[in-house]
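I open this notebook to keep track of what I look up, entry by entry. The structure comes first, and my notes follow.

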Amino acid sequence: MSAIGRRLNLGLLVLIVLSIAGTAGATVFYQDATSDLQAQNDRLQEKNSALQSELETTRSNLQENRTQLQELRNTLNTRTQDVDQVASELDRTGKQLNATESQLAETRAELREREQQVDELQSTNRELDEEISNLREERDQLEAEVADLESDVETLRSERNQLQNDVEDLQAQIETLEADVTELEQRVETLESENAEMESDLETLCSQEENAEKPACEGY
(Lines give C-alpha, C1' and ligand atoms only; values in the text may rest on other atoms or scores of the structure.)
Protein backbone atom coordinates (compact mmCIF):
# COMPACT_ATOMS: atom_id res chain seq x y z
CA MET A 1 0.00 0.00 0.00
CA SER A 2 1.29 3.43 -0.89
CA ALA A 3 1.85 6.25 1.60
CA ILE A 4 -1.09 8.16 0.12
CA GLY A 5 -3.42 5.18 0.62
CA ARG A 6 -2.31 4.78 4.21
CA ARG A 7 -2.94 8.46 4.91
CA LEU A 8 -6.43 8.24 3.36
CA ASN A 9 -7.31 5.20 5.44
CA LEU A 10 -6.00 6.89 8.60
CA GLY A 11 -8.07 10.03 7.84
CA LEU A 12 -11.23 7.95 7.32
CA LEU A 13 -10.59 6.16 10.60
CA VAL A 14 -10.24 9.50 12.43
CA LEU A 15 -13.46 10.79 10.85
CA ILE A 16 -15.34 7.63 11.83
CA VAL A 17 -14.07 7.87 15.45
CA LEU A 18 -15.03 11.56 15.68
CA SER A 19 -18.44 10.84 14.18
CA ILE A 20 -19.11 8.10 16.71
CA ALA A 21 -17.97 10.32 19.59
CA GLY A 22 -20.17 13.23 18.40
CA THR A 23 -23.20 10.99 18.06
CA ALA A 24 -22.74 9.61 21.58
CA GLY A 25 -22.36 13.12 23.00
CA ALA A 26 -25.42 14.35 21.18
CA THR A 27 -27.39 11.37 22.45
CA VAL A 28 -26.33 12.03 26.04
CA PHE A 29 -27.18 15.75 25.66
CA TYR A 30 -30.57 14.94 24.14
CA GLN A 31 -31.37 12.48 26.91
CA ASP A 32 -30.41 15.05 29.60
CA ALA A 33 -32.49 17.78 27.93
CA THR A 34 -35.44 15.41 27.57
CA SER A 35 -35.18 14.39 31.25
CA ASP A 36 -35.05 18.06 32.37
CA LEU A 37 -38.00 18.96 30.15
CA GLN A 38 -40.03 16.01 31.45
CA ALA A 39 -39.26 16.94 35.06
CA GLN A 40 -40.20 20.57 34.38
CA ASN A 41 -43.37 19.48 32.63
CA ASP A 42 -44.28 17.15 35.53
CA ARG A 43 -43.83 20.00 38.02
CA LEU A 44 -46.01 22.28 35.91
CA GLN A 45 -48.66 19.57 35.60
CA GLU A 46 -48.69 19.02 39.39
CA LYS A 47 -48.92 22.73 40.09
CA ASN A 48 -51.67 23.09 37.48
CA SER A 49 -53.62 20.20 39.08
CA ALA A 50 -53.27 21.83 42.52
CA LEU A 51 -54.46 25.16 41.12
CA GLN A 52 -57.42 23.45 39.40
CA SER A 53 -58.39 21.76 42.69
CA GLU A 54 -58.10 25.03 44.62
CA LEU A 55 -60.10 26.82 41.92
CA GLU A 56 -62.92 24.25 42.12
CA THR A 57 -62.96 24.46 45.94
CA THR A 58 -63.04 28.27 45.82
CA ARG A 59 -65.83 28.23 43.23
CA SER A 60 -67.81 25.81 45.41
CA ASN A 61 -67.34 28.07 48.47
CA LEU A 62 -68.37 31.07 46.40
CA GLN A 63 -71.56 29.33 45.27
CA GLU A 64 -72.39 28.26 48.84
CA ASN A 65 -71.90 31.83 50.10
CA ARG A 66 -74.03 33.18 47.26
CA THR A 67 -76.77 30.69 48.12
CA GLN A 68 -76.57 31.60 51.81
CA LEU A 69 -76.62 35.27 50.90
CA GLN A 70 -79.78 34.79 48.83
CA GLU A 71 -81.42 32.84 51.68
CA LEU A 72 -80.56 35.61 54.14
CA ARG A 73 -81.94 38.20 51.72
CA ASN A 74 -85.15 36.20 51.44
CA THR A 75 -85.33 35.94 55.24
CA LEU A 76 -84.70 39.69 55.50
CA ASN A 77 -87.54 40.38 53.07
CA THR A 78 -89.83 38.11 55.11
CA ARG A 79 -88.84 39.82 58.36
CA THR A 80 -89.36 43.23 56.77
CA GLN A 81 -92.83 42.19 55.61
CA ASP A 82 -93.55 40.88 59.13
CA VAL A 83 -92.46 44.23 60.59
CA ASP A 84 -94.74 46.06 58.16
CA GLN A 85 -97.63 43.73 58.99
CA VAL A 86 -97.11 44.10 62.74
CA ALA A 87 -96.80 47.89 62.35
CA SER A 88 -100.06 47.92 60.38
CA GLU A 89 -101.77 45.76 63.00
CA LEU A 90 -100.35 47.96 65.74
CA ASP A 91 -101.72 51.05 64.01
CA ARG A 92 -105.14 49.41 63.58
CA THR A 93 -105.17 48.25 67.21
CA GLY A 94 -104.14 51.72 68.37
CA LYS A 95 -107.00 53.26 66.44
CA GLN A 96 -109.37 50.69 67.93
CA LEU A 97 -107.99 51.48 71.39
CA ASN A 98 -108.58 55.19 70.84
CA ALA A 99 -112.13 54.52 69.65
CA THR A 100 -112.82 52.26 72.64
CA GLU A 101 -111.40 54.78 75.07
CA SER A 102 -113.58 57.47 73.49
CA GLN A 103 -116.60 55.20 73.81
CA LEU A 104 -115.65 54.46 77.42
CA ALA A 105 -115.41 58.18 78.16
CA GLU A 106 -118.85 58.70 76.65
CA THR A 107 -120.25 55.79 78.67
CA ARG A 108 -118.75 57.14 81.86
CA ALA A 109 -120.24 60.56 81.13
CA GLU A 110 -123.62 58.97 80.43
CA LEU A 111 -123.35 56.92 83.62
CA ARG A 112 -122.68 60.03 85.65
CA GLU A 113 -125.63 61.71 83.99
CA ARG A 114 -127.86 58.76 84.75
CA GLU A 115 -126.69 58.62 88.34
CA GLN A 116 -127.60 62.29 88.71
CA GLN A 117 -131.01 61.53 87.27
CA VAL A 118 -131.42 58.75 89.85
CA ASP A 119 -130.89 61.25 92.60
CA GLU A 120 -133.47 63.54 91.03
CA LEU A 121 -135.99 60.91 89.92
CA GLN A 122 -136.49 58.45 92.75
CA SER A 123 -139.88 57.51 91.34
CA THR A 124 -138.21 55.88 88.36
CA ASN A 125 -135.60 54.21 90.50
CA ARG A 126 -136.15 50.65 89.30
CA GLU A 127 -135.84 51.53 85.60
CA LEU A 128 -132.82 53.67 86.17
CA ASP A 129 -131.18 51.08 88.41
CA GLU A 130 -131.51 48.56 85.61
CA GLU A 131 -130.08 51.04 83.11
CA ILE A 132 -127.28 51.89 85.49
CA SER A 133 -126.52 48.22 85.94
CA ASN A 134 -126.37 47.78 82.21
CA LEU A 135 -124.17 50.81 81.83
CA ARG A 136 -121.88 49.59 84.57
CA GLU A 137 -121.61 46.20 82.89
CA GLU A 138 -120.90 47.93 79.62
CA ARG A 139 -118.32 50.08 81.33
CA ASP A 140 -116.67 47.06 82.94
CA GLN A 141 -116.68 45.28 79.62
CA LEU A 142 -115.18 48.27 77.85
CA GLU A 143 -112.57 48.70 80.57
CA ALA A 144 -111.63 45.03 80.22
CA GLU A 145 -111.47 45.48 76.45
CA VAL A 146 -109.24 48.54 76.89
CA ALA A 147 -106.96 46.55 79.19
CA ASP A 148 -106.80 43.72 76.64
CA LEU A 149 -106.10 46.15 73.81
CA GLU A 150 -103.39 47.87 75.81
CA SER A 151 -101.81 44.47 76.46
CA ASP A 152 -102.05 43.69 72.73
CA VAL A 153 -100.39 47.01 71.93
CA GLU A 154 -97.49 46.23 74.27
CA THR A 155 -97.13 42.74 72.84
CA LEU A 156 -97.15 44.06 69.28
CA ARG A 157 -94.62 46.73 70.15
CA SER A 158 -92.35 44.11 71.69
CA GLU A 159 -92.75 41.89 68.62
CA ARG A 160 -92.04 44.80 66.31
CA ASN A 161 -88.87 45.66 68.27
CA GLN A 162 -87.72 42.03 68.10
CA LEU A 163 -88.35 41.89 64.36
CA GLN A 164 -86.45 45.12 63.87
CA ASN A 165 -83.52 43.63 65.82
CA ASP A 166 -83.74 40.53 63.57
CA VAL A 167 -83.66 42.76 60.50
CA GLU A 168 -80.56 44.57 61.78
CA ASP A 169 -78.82 41.25 62.52
CA LEU A 170 -79.67 39.92 59.05
CA GLN A 171 -78.43 43.09 57.40
CA ALA A 172 -75.12 42.74 59.28
CA GLN A 173 -74.81 39.09 58.14
CA ILE A 174 -75.56 40.10 54.56
CA GLU A 175 -72.84 42.77 54.65
CA THR A 176 -70.34 40.20 55.99
CA LEU A 177 -71.30 37.64 53.34
CA GLU A 178 -71.15 40.23 50.58
CA ALA A 179 -67.58 41.05 51.68
CA ASP A 180 -66.75 37.31 51.66
CA VAL A 181 -68.25 36.93 48.18
CA THR A 182 -66.18 39.85 46.89
CA GLU A 183 -63.00 38.35 48.36
CA LEU A 184 -63.77 34.91 46.90
CA GLU A 185 -64.52 36.40 43.48
CA GLN A 186 -61.16 38.18 43.55
CA ARG A 187 -59.47 34.90 44.57
CA VAL A 188 -61.20 33.08 41.68
CA GLU A 189 -59.96 35.72 39.25
CA THR A 190 -56.39 35.35 40.60
CA LEU A 191 -56.51 31.54 40.36
CA GLU A 192 -57.96 31.67 36.86
CA SER A 193 -55.18 34.05 35.83
CA GLU A 194 -52.51 31.75 37.32
CA ASN A 195 -54.13 28.76 35.64
CA ALA A 196 -54.12 30.58 32.30
CA GLU A 197 -50.42 31.37 32.75
CA MET A 198 -49.69 27.70 33.51
CA GLU A 199 -51.64 26.61 30.44
CA SER A 200 -49.71 29.15 28.37
CA ASP A 201 -46.37 27.86 29.72
CA LEU A 202 -47.34 24.27 28.89
CA GLU A 203 -48.47 25.25 25.41
CA THR A 204 -45.20 27.15 24.87
CA LEU A 205 -43.10 24.15 25.93
CA CYS A 206 -45.15 21.69 23.89
CA SER A 207 -45.12 23.95 20.84
CA GLN A 208 -41.36 23.48 20.61
CA GLU A 209 -40.51 20.95 17.94
CA GLU A 210 -38.31 18.79 20.18
CA ASN A 211 -41.21 18.40 22.71
CA ALA A 212 -44.12 17.93 20.32
CA GLU A 213 -44.07 14.13 20.43
CA LYS A 214 -43.59 13.78 24.17
CA PRO A 215 -46.41 12.06 26.12
CA ALA A 216 -46.60 15.01 28.52
CA CYS A 217 -47.59 17.26 25.63
CA GLU A 218 -50.59 15.25 24.52
CA GLY A 219 -53.58 17.55 24.08
CA TYR A 220 -51.43 20.71 23.72
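Predicted model: local features only at pLDDT ≥ 70, side-chain atom pairs only at ≥ 80, totals over all residues.

**Entry 1: the negative patch**

I looked up D148 and found this residue in helix α2; helices are DSSP runs of H or I with at least four residues, strands are runs of E with at least two, and both are numbered from the N terminus. Residues are numbered from 1 along each chain as its sequence is written, and side-chain values use heavy atoms, with hydrogens and water left out.

D148 belongs to a negative surface patch, together with E89, D152 and E159. Patches are built from residues with over 30% relative accessible area and no salt bridge, with like charges joined within 9 Å and nonpolar side chains (Val, Leu, Ile, Met, Phe, Trp, Tyr) within 5 Å. Helix α2, residues 125-207, gives the most to this patch, with 3 residues.

**Entry 2: the nonpolar core**

I then turned to the largest nonpolar core, which has 18 residues, and saw that L72, L76, L97 and I174 touch the most other members. The elements giving two or more residues to this core are α1 (3-120) and α2, and the largest share, 10 residues, comes from α2. Such a core is a set of buried Ala, Val, Leu, Ile, Met, Phe, Trp, Tyr and Cys residues joined through side-chain atoms within 4.5 Å. Buried means under 20% relative accessible area, exposed means over 50%, and partly exposed lies in between, with a 1.4 Å probe and protein chains only.

**Entry 3: salt bridges**

How many salt bridges does the structure hold? I find 12 salt bridges, each being a side-chain nitrogen of Lys or Arg within 4 Å of a carboxyl oxygen of Asp or Glu.

R59 pairs with E56, and their closest N and O atoms are 3.6 Å apart. Both residues lie in helix α1, 3 residues apart, which is about one turn of the helix. R59 is partly exposed at 35% relative accessible area, and E56 is partly exposed as well, at 46%. I also note that E56, R59 and E192 are linked in a network of salt bridges.

E178 and R73 meet through their side chains in a salt bridge of 2.6 Å, N to O. E178 lies in helix α2 and R73 in helix α1, so this pair ties together parts 105 residues apart in sequence. E178 has a relative accessible area of 31% and is partly exposed; R73, at 33%, also counts as partly exposed.

R79 forms a salt bridge with D166, where the closest N and O atoms are 3.8 Å apart. R79 lies in helix α1 and D166 in helix α2, so here the pair ties together parts 87 residues apart in sequence. Both count as partly exposed, R79 with 28% relative accessible area and D166 with 22%.

**Entry 4: two distances**

A87, found in helix α1, counts as partly exposed at 33% relative accessibility. Between the C-alpha atoms of A87 and E159, which are 72 residues apart along the chain, the separation is 9.6 Å.

Note on methods:
Areas by Shrake-Rupley, 256 points an atom, 1.4 Å probe, with all protein chains shown as cover. Lys, Arg positive; Asp, Glu negative; His and termini not counted. Charge placed at Lys NZ, Arg CZ, Asp CG, Glu CD.
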